[in-house]
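Q: Could you take me through one part of this model up close? I'd like to see how a single piece sits among the rest.

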Amino acid sequence: MSNRTQLKNHHEIRVIFQRMALEIAESFADQADLYFVAINERGMAIALELNHELGRILPDCNISLGNVHAAEDYTWEGILPNMVAISTPVIIVDDVIHSGGTAMQVLVELYERGFETIRTAFLAQREHRDYPIQANFVGVSIATTLQEHVFFNNEDPSDLQLYLI
């Protein structure tokens, strides 16, 4: 990846995960259960990090993890939506919200299944979106041009990086 600018290093990303977990805990402190729906592999990496942090903050909260592979054919893995009570708050988790299209498709599916509370969590939020998706829990907001992209590199879990490309 040439012409990339580092936005956040590993330590900064770890602190962001801690802050996001605290924000989620503050919003759902009275809940016994949460359902994280991760989008693709990078979303799952972030969901696992948030799950770890929330385990320390809300040890009595049961967090179910589901994963939807949006890049392929929207196949689901892990805890499927029909395995969770519709009263359980859902948090859609992804690395970067670009246009909002993927999150919108997942949100519509969960909404149509009857889930009462659906929120979103993104490590990075770009300011240009095509779909009306609200980012509820955000690590960092980045003003970009339409030609720029934000990339979360999680290939080495001990060296997480966030780049502007």
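A: Let's start with helix 3, where Gly101, Ala103, Val106 and Leu110 are buried. Buried means under 20% relative accessible area, exposed means over 50%, and partly exposed is in between (1.4 Å probe, protein chains only). Helices (H or I, at least four residues) and strands (E, at least two) are DSSP runs, numbered from the N terminus. This is a predicted model, so local features need pLDDT of at least 70, side-chain atom pairs count only at pLDDT 80 or more, and totals for chains, interfaces and linings use all residues. Residues are numbered from 1 along each chain as its sequence is written, and side-chain values use heavy atoms, with hydrogens and water left out.

What do those buried residues of helix 3 pack against? Their partners are strand 2 (33–39), strand 3 (62–69), strand 4, strand 5 and strand 6 (118–126), with contact meaning heavy atoms within 4.5 Å.

Now for the length: helix 3 covers residues 101–112, and its 12 residues should span 16 Å at 1.5 Å a residue. The expected span is 1.5 Å times one less than the number of residues. The end C-alpha atoms of helix 3 are 16 Å apart, so the two agree. After helix 3 comes Gly114, with a positive phi near 100 degrees.

On to the cores: a nonpolar core is a set of buried Ala, Val, Leu, Ile, Met, Phe, Trp, Tyr and Cys residues joined through side-chain atoms within 4.5 Å. In the largest one, which has 34 residues, Phe36, Leu50 and Leu162 touch the most other members. Ala103 and Val106 belong to a second, separate core of 19 residues, which also includes Tyr35 and Ile133.
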